[in-house]
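Open the model in your viewer and keep the sequence beside it. This tour tells you what to select at each stop.

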Amino acid sequence: MFQLEIEYLVTVKTGDFRNSGTNGPVYINIIGRNEKQTGDLLLSRSNKAFLQNSFRKFQVTAIDIGKPQRVIVRHEDKNTGWYIDYVEISVHNFLIRYDF
């Protein structure tokens, strides 16, 4: 079955605390109504992708899940933690912000 793919604009703000950034690959899974999911979408590979107090914007393509309800963000940097201030998802006519 063919599923329509659309573009999502994802903004990630890393917190302004000492050692709050991450070097590892970062993924986001956007979840809509009825638990429909985009699956893990790679936002960034490595090399200090998310520095302390930084903003990063990404355009990713995935299936249309309708209005986003929640997100799961994960990273694979085994040497550091990561403090996310917030994530914004812009899709269709929605701009949704998730504060952490």
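Start at Asn34. This residue is exposed, at a relative accessible area of 79% (exposed means over 50%, buried under 20%, partly exposed in between, with a 1.4 Å probe and protein chains only). Before moving on, note that the model is predicted, so local features need pLDDT of at least 70, side-chain atom pairs count only at pLDDT 80 or more, and totals for chains, interfaces and linings use all residues. Residues are numbered from 1 along each chain as its sequence is written, and side-chain values use heavy atoms, with hydrogens and water left out.

Stay on Asn34. Its phi is positive, about 55°, although Asn34 is not a glycine. The loop around Asn34 runs between strand E2 (26-31) and strand E3 (41-44). Strands (E, at least two residues) are DSSP runs, numbered from the N terminus.

Now select E2 and E3. Three bridges join these antiparallel strands; two strands pair if DSSP finds at least two bridges between them. Click Val26 and you can look for its bridge partner in E3, Ser44.

The open sheet of three strands has the order E3-E2-E5, with antiparallel pairing. E3 and strand E5 (70-75) are the edge strands, each pairing on one side only. On average, neighbouring strands of this sheet are turned by 30° against each other, direction ignored (axes are lines fitted to C-alpha atoms, and angles run from 0 to 180 degrees between N-to-C directions).

**Asn53**

Next, select Asn53. This residue sits in the loop between E3 and strand E4 (55-63). Is Asn53 buried, partly exposed or exposed? Asn53 is partly exposed, with a relative accessible area of 37%. Its phi is positive too, near 60°.

**The hairpin**

Move to strand E6 (residues 84-91) and strand E7 (residues 94-99). They pair in the antiparallel sense over six bridges. Pick Ser90: its bridge partner in E7 is Leu95. Two residues lie between the strands of this hairpin, where His92 takes a positive phi near 55°.

**Thr11**

Finish at Thr11, in strand E1 (residues 5-14). Thr11 counts as buried, at 5% relative accessibility. Which residues does Thr11 touch, not counting those up to four places away in sequence? Select Phe55, Arg56, Lys57, Tyr86, Val87 and Glu88; contact means heavy atoms within 4.5 Å. Then draw a line from Thr11 to Val60. They are 49 residues apart in sequence and 11 Å apart in space, C-alpha to C-alpha.

Methods
Helices (H or I, at least four residues) and strands (E, at least two) are DSSP runs, numbered from the N terminus.
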